[in-house]
Amino acid sequence: MPHTIVTHVCEGVADCVDACPVACINPGPGKNNKGTEWYWIDFSTCIDCGICLQVCPVEGAIIPEERPDLQETP
Ligand code: SF4
Ligand code: SF4
C-alpha cells in the first residue's frame with residue numbers, strides 16, 4: 001500500500017525526497033497549515049518501500065497507508 005505524507009504535519013524538510021528510490025515525492029504549492037513547505041507522494045508510483053518513513057524527522061508526517069483524506073494532491 002502506498003505511503004502518505006500528512007499535508008498539515010509535514011514541515012517541508014525534504015529528507016524524504018532524495019531518499020525515495022522512485023522519485024515520487026513532489027513539492028506542493030504554497031504553504032500548509034503550519035506555514036511550512038509541504039510535499040506529497042504520487043500513490044500510483046510509490047512502491048511502498050518505507051524509506052521515506054525511516055528518514056523523516058517529523059513525527060507523524062508520513063504514514064504507511066494510502067490516505068488521500070490526509071494528503072493534499074495538487
Ligand atoms: S514528509 Fe518528512 S522528510 Fe518529507 S518533506 Fe515532510 S517533514 Fe520532510
Ligand atoms: S514508500 Fe518508498 S517509494 Fe513510496 S514515497 Fe516512500 S520512499 Fe518513495
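Me: Is T4 buried or exposed?
Reply: T4 has a relative accessible area of 0%. The limits are under 20% for buried, over 50% for exposed and partly exposed in between, with a 1.4 Å probe and protein chains only. So T4 is buried.

Me: What kind of model is this?
Reply: Residues are numbered from 1 along each chain as its sequence is written, chains are lettered from A and ligands numbered from 1 in the order in which they are written, and side-chain values use heavy atoms, with hydrogens and water left out. Local features need pLDDT of at least 70, side-chain atom pairs count only at pLDDT 80 or more, and totals for chains, interfaces and linings use all residues, this being a predicted model.

Me: In what order do the elements of the protein chain run from the N terminus?
Reply: There are 2 helices and 4 strands. Both are DSSP runs numbered from the N terminus: helices are H or I with at least four residues, strands E with at least two. The order is β-α-β-β-α-β.

Me: What is the radius of gyration of the protein chain?
Reply: The globule rule, 2.2 Å times the number of residues to the power 0.38, gives 11 Å for 74 residues. The chain comes close to that, so it is as compact as a globular protein of that length. Taken over C-alpha atoms, its radius of gyration is 11 Å.

Me: Which residues does T4 contact beyond its neighbours within four places in sequence?
Reply: T4 sits in strand β1. Contact means heavy atoms within 4.5 Å. With those neighbours set aside, T4 is in contact with I41, F43, A61, I62, I63, E65, E66, R67, L70 and Q71.

Me: How far is T4 from D69 in space, C-alpha to C-alpha?
Reply: The two residues are 65 residues apart in sequence. In space, C-alpha to C-alpha, T4 and D69 are separated by 9.6 Å.

Me: Where is T7 placed?
Reply: T7 has a relative accessible area of 1%, so it is buried. Leaving aside neighbours within four places in sequence, it contacts N32, W38, L70, Q71 and E72. Its place is in the loop between β1 (4-5) and α1 (15-19).

Me: Which residues come nearest to ligand 1?
Reply: A residue is near if one of its heavy atoms lies within 4 Å. There are 13 residues around ligand 1. Nearest come C10, V13, A14, C16 and C56.

Me: Which residues come nearest to ligand 2?
Reply: Ligand 2 has 13 residues around it. Of these, the nearest are C20, C46, C49, G50 and C52.
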